[in-house]
Amino acid sequence: MKAIHLGLRYRRSPALESSFFDPEMPADWRVAFLLNEQDALWVAGDDPDVDTVLAELHDSPTDVFVVVEDAAWSPGWQSLVDAGRHAVVRLTDDTPLWRPGTPSAPAVVGLVPASDQPADLHAWLSAFLDQAPAEAALFVDGEPPSVATVDRLRTLTELMGR
C-alpha cells in the first residue's frame, strides 16, 4: 500500500496566517501547529523560518514528508536526511513534479489546485497515486492556500483505504 502525505505549498501565506492560525499565536509556534494538522511540509527558497522548521522537525513526534526548494537547502537539511527519520526531497529544476493533466516522469511530489469538487479531487488523487512510488506527497497549490482542500483529500485517502 502506498503512503500518501498531504500538505500546503504556501504555508507562509499572509492569507493563511490571518485565517488559519490564531492571531495571538507566536510566529515560531506556527510550524508545530501545522505539523499537528498535516504530515507534509513545503519549505520555499525564501522562507525566513528555516531554522525553526528544522528545530521542529528534530522534535516532531511523528514522521513528516518535507519538500525543500533548492534555494533553501543547507547542511541542516542534509543532517536531517542523514538521520533517516523524515522523508526529505530536495526540489531542484530536475525534480519531476506531478500536476493534473500534465505529463511528467514518475514523481514523488505533486501539486493540485484548491477545489471543493469531490470528483476532481478523487480523479487527481487517483492519477497521482497511480504514478507515484511507495511514499509520496501531494500539496495543495495556490494563493490563498486551501486547508479545506487538504482536509477533503485526507477524507478521500481514508475512504480509498490509503
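## About the model

The model is predicted, so local features need pLDDT of at least 70 and side-chain atom pairs count only at pLDDT 80 or more, while totals for chains, interfaces and linings use all residues. Residues are numbered from 1 along each chain as its sequence is written, and side-chain values use heavy atoms, leaving out hydrogens and water.

## The nonpolar cores

Let's begin inside. A nonpolar core here is a set of buried Ala, Val, Leu, Ile, Met, Phe, Trp, Tyr and Cys residues joined through side-chain atoms within 4.5 Å; buried means under 20% relative accessible area, exposed over 50%, and partly exposed in between (1.4 Å probe, protein chains only). The largest core has 40 residues, and those touching the most other members are Val43, Leu57, Val66, Val68, Trp77, Leu138 and Leu153. Helix 5 (residues 118-131) gives this core its largest share, five residues. Helices (H or I, at least four residues) and strands (E, at least two) are DSSP runs, numbered from the N terminus.

## Thr95 in its loop

Thr95 sits in the loop between strand 4 (87-91) and strand 5 (97-98). Its side chain comes to 3.3 Å from the backbone oxygen of Arg90, and a polar atom of that side chain is 2.9 Å from the backbone nitrogen of Thr92.

## Ala32 in helix 2

Ala32 belongs to helix 2 (residues 30-37). With a relative accessible area of 25%, Ala32 is partly exposed. Ser60 is 28 residues away from Ala32 in sequence, with 7.8 Å between their C-alpha atoms.

Definitions and conventions
A polar contact is a pair of N or O atoms within 3.5 Å; within protein, one must be able to donate a hydrogen and the other to accept it, and residues adjacent in sequence count only if both atoms are side-chain atoms.
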